[in-house]
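Please look over the sequence and the model before reading on.

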Amino acid sequence: MQSCKVMRQMPVQAGRAGMGFGEAGPETASDETASTLHEHPGTGSAKSKEGTGGLLEAALTRQNLQTAWKRVKANKGAAGVDGLDIEQTAQAIRTNWPHIRKELLAGRYRPSPVRKVLIPKPDGSQRELGIPTVLDRLIQQALLQVLQPQIDPTFSKHSHGFRPGRRAHDAVKAARGYVQSGKRVVVDVDLAKFFDRVNHDILIDRMRKRVQDAGVIRLIRAYLNAGIMDGGMMSERHMGTPQGGPLSPLLANVLLDEVDKVLEARGYSFARYADDCNVYVGSRQAGERVMALLRKLYAGLKLQINEAKSAVASAFGRKFLGYSLWVAKGKEVKCKVAEKPMHDFKARVRQFTRRSGGRSMEQVVATLRPYLLGWKAYFGMAQTPRVWLGLDEWLRHRLRAIQLKQWKRSKTMYRELRAQGATESVARQVAGNCRCWWRNSDRLLKTVMTIAYFDRMGVPRLS
């Protein structure tokens with residue numbers, strides 16, 4: 001468990017050495033250093049030319065900071081413990097940046113504690129996030145832009161999480177390819193509270209092997225040690241790297257790359273996305289050997305496998321990044337949405353389309369649309385056309401039921417249906433069953449509130 005020392009802390013401007021937002025400072029033109037930055041296509045990252053200074057100086061050049069600020073601003077996000085939003089932080093930086101930069105280069109800068117936020121998960125549990133201040137997000141993003149081009153190329157090709165040009169779909173495609181090749185047993189490893197249990201000393205040791213700039217290492221250590229604020233109480237943190245800061249994914253990949261390299265050297269077929277790792281083998285015996293190896297490797301990093309969620313099993317009985325696999329005609333291995341994400345999707349749609357709440361159809365669609373588009377973008381790789389058609393029909397059924405309930409009275413139903421082009425016979429039959437919203441919405445109403453009707457309303461199709 002994490003070792004903490006709890007103390008009372010004011011929630012505003014906490015933990016930053018020598019910074020006063022009210023002080024005047026010289027013009028920000030002094031931010032410029034001798035280093036010239038090169039932009040790296042597709043990543044927006046930057047690194048200094050040889051001989052022009054260290055990585056920390058490169059991170060703090062005007063050009064790199066401007067790129068970092070654009071990213072932080074685009075990501076939006078909530079304020080940290082200082083209570084300052086994006087615009088307020090921009091004003092503070094204009095006044096105080098020369099002093100902040102001097103503290104950073106001298107190694108005296110102390111990051112503010114992160115603000116603890118609990119995000120509910122579909123299974124009822126909660127994920128803990130640590131939200132840095134906007135200023136600290138800017139500094140972390142600037143660091144990321146100079147570190148990532150140097151470190152990312154050294155990572156295993158089997159690592160897909162939080163890397164430029166890679167995404168979860170790549171990991172799922174790799175897994176499908178392994179199973180198609182005949183490796184139908186998976187070693188499915190789940191790490192218990194990985195981000196909360198990262199050992200700082202081990203992580204810093206691995207970073208030193210990749211980064212020779214002492215100023216960068218010192219600053220990363222300061223971010224790891226920054227406390228966490230929860231309800232006005234600040235707890236010191238001696239392990240873990242909270243999710244929520246731009247640097248956390250890179251640091252996680254640095255730590256877990258050691259395991260990737262061992263698996264790679266032994267010729268195993270695997271795919272990793274952040275702390276989710278699946279290894280594909282040809283037999284259960286081989287799988288048990290791999291599981292024993294992984295227990296040993298993770299123990300060396302002082303990480304713990306969640307035995308309840310990890311297993312050596314058939315690849316068709318497990319999910320990976322929300323997907324599961326099935327065998328189609330011709331013995332082709334295909335992807336589908338796993339059972340739990342599908343259940344969660346339907347529960348969320350039911351919540352959006354409940355027939356109480358007094359919302360117009362336009363308001364329901366406006367709320368539903370971004371969720372459907374996001375879900376479709378992630379799960380669009382699923383090769384189950386009949387499932388998509390069924391979900392589309394189920395969704396339209398629910399929306400028709402909402403509309404009938406909103407019309408309520410038979411006279412209103414008759415009038416509205418006739419206005420939408422329904423025949424007199426159809427309008428009378430639907431209006432005659434004005435209280436049977438669910439049953440009514442799956443019969444004659446389909447001839448009036450058609451697929452084209454919902455297309456015009458802006459309801460996305462999943463199929």
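## Terms and model

Helices and strands here are DSSP runs, a helix having at least four residues and a strand at least two, and they are numbered from the N terminus. The model is predicted.

## Strand 9

Buried means under 20% relative accessible area.

In a regular strand, side chains alternate between the two faces of the sheet. Both faces of strand 9 are covered.

Strand 10 takes in residues 276-281 and runs antiparallel to strand 9, to which it is joined by 5 bridges. One of the residue pairings is between Y273 and D276, its bridge partner in strand 10.

Together, strand 9 and strand 10 form a hairpin, with 2 residues between the strands. In the turn, A274 has a positive phi of about 55 degrees.

## The largest cavity

Across the whole structure, a search finds 4 cavities of 30 Å³ or more. The largest has a volume of about 140 Å³. Its lining is made up of 17 residues, and those nearest its centre are Q140, Y223, R237, P242 and S248. Helix 4 (134-151), helix 8 (214-225) and helix 9 (248-265) are the elements that give two or more residues to this lining.

Helix 8 gives the most to the lining of the largest cavity, with 3 residues. By residue type, the lining of this cavity holds 9 nonpolar, 6 polar and 2 charged residues.

## The second largest cavity

The second largest cavity contains about 90 Å³ of space. Residues lining this cavity include V172, A175 and V186, as well as N278 and Y280. Also in the lining are A315, R318, K319, F320, Y323, S324 and L325. Two or more lining residues come from each of helix 5 (168-180), strand 10 and strand 12 (323-327). Strand 10 is also the strand that forms the hairpin with strand 9.

Which element gives the most to the lining of the second largest cavity? Strand 12 does, with 3 residues. The lining of the second largest cavity divides into 8 nonpolar, 2 polar and 2 charged residues.

Key: Residues are numbered from 1 along each chain as its sequence is written. This is a predicted model: local features need pLDDT of at least 70, side-chain atom pairs count only at pLDDT 80 or more; totals for chains, interfaces and linings use all residues. Side-chain values use heavy atoms; hydrogens and water are left out. Buried means under 20% relative accessible area, exposed over 50%, partly exposed in between (1.4 Å probe, protein chains only). Two strands pair if DSSP finds at least two bridges between them. On a 1 Å grid over the protein atoms alone, a cavity is a set of points where a 1.4 Å probe fits but cannot get out, and a pocket is an open set with protein on both sides within 12 Å along at least five of seven lines; lining residues have an atom within 4 Å of a point. Grid points are joined across faces, edges and corners, and a volume is the space filled by probe spheres set on the points. Ala, Val, Leu, Ile, Met, Phe, Trp, Tyr, Cys and Pro count as nonpolar, Asp, Glu, Lys and Arg as charged, and the others, Gly among them, as polar.
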